[in-house]
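Please read it alongside the sequence and the coordinates.

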Amino acid sequence: HVKNNGKNELVVYNSNFHNQDKERHIAMSFQSALENGEFYLCYQPKFNLHTGKIDSAEALIRWESPVHGFVSPAKFIPIAEKNGFIFDLTKWILNEACRQMKIWQHDHHLIERIAVNISAPMFLSDRLIEIVKYTLQAHDLNPRHLELEITETSIMQQFDNALNVIDALKKEGVSISLDDFGTGVSSLTYLKMLPIHILKIDKSFIDDVHTSYEDKALVEMIIQLAKLFDLTVIAEGVEKVEQLNVLKELGCDYIQGYFISRPERAEVLNAHYGRREYK
Ligand code: C2E
Ligand code: CA
Ligand code: CA
Ligand code: CA
């Protein structure tokens with residue numbers, strides 16, 4: 001809202017202004033938050049519908065700020081992408097996820113692969129491959145234990161560049177999944193060209209998969225498409241057994257969602273699941 005303040009000066013009063021202020025405040029807190037250990041990772045299991053077992057998990061960042069309170073990644077990740085902090089943050093996340101994966105591997109834990117979300121600016125930079133290689137080496141971790149989730153939209157931003165990065169990561173032995181599939185506008189031609197391993201169907205298609213004939217048909221098409229391209233397919237945001245049953249019927253490979261488990265700290269998952277041989 002633009003108002004006249006009586007002195008014939010126009011003053012802008014709008015919520016956008018306050019949002020920008022808040023965003024700047026958040027951006028200013030990032031570096032010290034990292035140094036003070038305010039970030040931590042939670043892990044959300046991925047459940048294999050063929051074996052009936054959890055065998056992997058997705059790392060999701062959490063931030064408990066003494067100043068801002070709990071801040072959702074959906075809010076602060078876009079800010080970190082804008083101000084460049086995402087590079088340092090992703091380095092920290094990769095390191096932390098690989099450190100945890102090494103412990104799980106050593107303990108013969110159920111979770112044999114960890115997925116890390118990679119934002120577009122990080123993914124499209126030429127630094128990612130070096131950082132991934134360095135981090136795997138630092139933890140003496142085999143690349144087969146690492147998966148990177150990249151969104152359809154970040155690939156479409158710079159397709160040729162993305163293709164090169166994915167190729168290099170694949171050569172390295174790291175798995176790549178296409179996150180939030182169905183929300184972007186990638187054409188089938190592009191999908192065919194991408195050397196990815198996993199298609200992750202967005203939650204918005206899963207929400208009504210058990211009640212809407214149309215959504216079920218859409219999900220069925222995505223699963224068939226994945227099979228045609230020899231990709232593993234995973235459904236995110238599964239909250240109900242009804243959804244699980246439909247997805248199983250349609251031949252989906254994996255599910256993830258509150259029905260199996262919320263994202264939890266490693267210690268919580270260890271208490272629930274633990275070692276492979278005792279399962
Ligand atoms: P995403 O990668 O699509 O992650 C899935 C989000 O859905 C997560 O929210 C997860 O907690 C939530 N979720 C999982 N299962 C269910 C369910 O059954 N029901 C509902 N209602 N929600 C479910 P979260 O952790 O708040 O993350 C939101 C987004 O923030 C992520 O979406 C991702 O885009 C971004 N993000 C989170 N952690 C990271 C990270 O470490 N790095 C980067 N670059 N982005 C991250
Ligand atoms: Ca993800
Ligand atoms: Ca997702
Ligand atoms: Ca999503």
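Does Asp140 count as buried or exposed? At 59% relative accessibility, Asp140 counts as exposed. The model is predicted. It holds 11 salt bridges, and those described below involve helix H3 or strand S7.

**Helix H3**

- Helix H3 runs over residues 86-106, 21 residues in total.
- From first C-alpha to last, H3 reaches 30 Å, close to the 30 Å expected at 1.5 Å a residue.
- After H3 comes His108, which has a positive phi, near 55 degrees.

- Arg99 and Glu96 form a salt bridge, with 2.7 Å between the closest N and O atoms.
- Both residues belong to helix H3 and are 3 residues apart, about one turn of the helix.
- An α-helix has 3.6 residues a turn, so residues three or four places apart point the same way.
- Glu96 is buried because its relative accessible area of 18% falls under the 20% cut-off.
- Arg99 counts as partly exposed, because its relative accessibility is 35%, between the limits of 20% and 50%.

- Lys102 and Asp140 meet through their side chains in a salt bridge, at 3.9 Å from N to O.
- Lys102 lies in helix H3, while Asp140 lies in the loop between helix H5 (128-138) and strand S7 (146-151), so the pair ties together parts that are 38 residues apart in sequence.
- Lys102 counts as partly exposed, at 26% relative accessibility, whereas Asp140, at 59%, counts as exposed.

**Strands S7 and S9**

- Glu149 forms a salt bridge with Lys200, and the closest N and O atoms are 2.9 Å apart.
- This pair links distant parts of the chain, with Glu149 in strand S7 and Lys200 in strand S9 (residues 198-201), 51 residues apart.
- Glu149 and Lys200 are both buried.
- The two residues also belong to a network of salt bridges that links Lys46, Glu58, Arg113, Glu147, Glu149 and Lys200.

Terms used. Residues are numbered from 1 along each chain as its sequence is written. Chains are lettered from A and ligands numbered from 1 in the order in which they are written. This is a predicted model: local features need pLDDT of at least 70, side-chain atom pairs count only at pLDDT 80 or more; totals for chains, interfaces and linings use all residues. Side-chain values use heavy atoms; hydrogens and water are left out. Helices (H or I, at least four residues) and strands (E, at least two) are DSSP runs, numbered from the N terminus. The expected span of a helix is 1.5 Å times one less than its number of residues. A salt bridge is a side-chain nitrogen of Lys or Arg within 4 Å of a carboxyl oxygen of Asp or Glu. Buried means under 20% relative accessible area, exposed over 50%, partly exposed in between (1.4 Å probe, protein chains only).
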